[in-house]
Amino acid sequence: KQNEEETQWHEQIVQIQAQLIELAHDAIIVRDSLSSILFWNRGAEELYGWTSQEAIGQVTHSLLQTRFPIGRETVDALLITGQQWEGELVHTCKDGRQIIVESHQVLTHNLRNQPTAILEINRDITERKQRERENQEQYRTIVQTANEGIWLINTQAETLYINERMADMLGYTPEEIVGRAVPEFVFPEDMPKAQERIGKNLQGTFEQFDFRFRRKDGRPLHVLANTSPVRDGKGRISGALGMF
């Protein structure tokens, strides 16, 4: 009797989990090792436009015309080795719209630890990415039209970005400077000071100091520099930003 009650309880738990999966707004897809769709929840129907009957048995990457940020083989290799994969994918819906999804994928195993299927959960972030692009464009416009010179470098002091104002002060075009190291443009006598302050930036400090750049025509350019470290999404220092 106790075993029967436990079995009924487990069956109820499975039913509740199945109902929760169907209620989820995210697209939840289960596919086999050949990427054929085994399960397609209501969230996937609403997001992509295909019904469960239309999707099951189809190959996901063909149906959705998946575009990976890295090769599909790389993603599959990570899953096979037991690692989860998270990233952004571009998918095409039934009506032809292209959307960007935040995808989480993991390979599931049975009780004998044999791989059985790939669980994939996708969330539509198309609108968020569009807002990010619009914000980036606004920031780019602000930076390009600023009266101050703006210079962004990596941890090797190589130029990642320089605005028109800064390049003009030096007598160059931005294209002539991007990729080159900042010390190439510093007046020789001021090189030790500039390198010391850049080094402090890359250790996490904010600096204000004056020194001289050397213009393209050889003349010195006296500047007041306000520089700060730049961090990546994980909080690690990835370079420095200077306003002159």
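## Ground rules

Residues count from 1 along each chain as its sequence is written. Because the model is predicted, local features need pLDDT of at least 70, side-chain atom pairs count only at pLDDT 80 or more, totals for chains, interfaces and linings use all residues, and side-chain values use heavy atoms, with hydrogens and water left out.

Helices (H or I, at least four residues) and strands (E, at least two) are DSSP runs, numbered from the N terminus.

## The five-stranded sheet

Let's start with the open sheet: its five strands line up as β2-β1-β5-β4-β3, with antiparallel pairing (two strands pair if DSSP finds at least two bridges between them). At the edges sit β2 (37-40) and β3 (85-92), each pairing on one side only. On average, neighbouring strands are turned by 30 degrees against each other, direction ignored.

Strand β1 (residues 27-31) is joined to β2 by three bridges, and the two run antiparallel. Val30, for instance, has Phe39 in β2 as its bridge partner.

## Helices on the sheet

Helix α5 (residues 72-80) lies across β3, β4 (98-109) and β5 (115-124), at about 30 degrees to β4. Helix α6 (residues 126-144) also packs on the sheet and touches β3, β4 and β5, but its direction makes about 125 degrees with that of β4. Axes are lines fitted to C-alpha atoms, for helices over the stretch in contact (heavy atoms within 4.5 Å), and angles run from 0 to 180 degrees between N-to-C directions.

## The buried side of α9

In α9 (residues 191-201), Met191, Ala194, Ile198 and Asn201 are buried (under 20% relative accessible area, 1.4 Å probe, protein chains only). They cover an arc of only 90 degrees around the axis, which puts them on the same side of α9; the arc is that of the directions from the helix axis to the C-beta atoms. Their cover includes β6 (150-154), β8 (207-214), β9 (220-231) and β10 (237-243).

Notes: Buried < 20%, exposed > 50% of the residue type's maximum accessible area, 1.4 Å probe, protein only.
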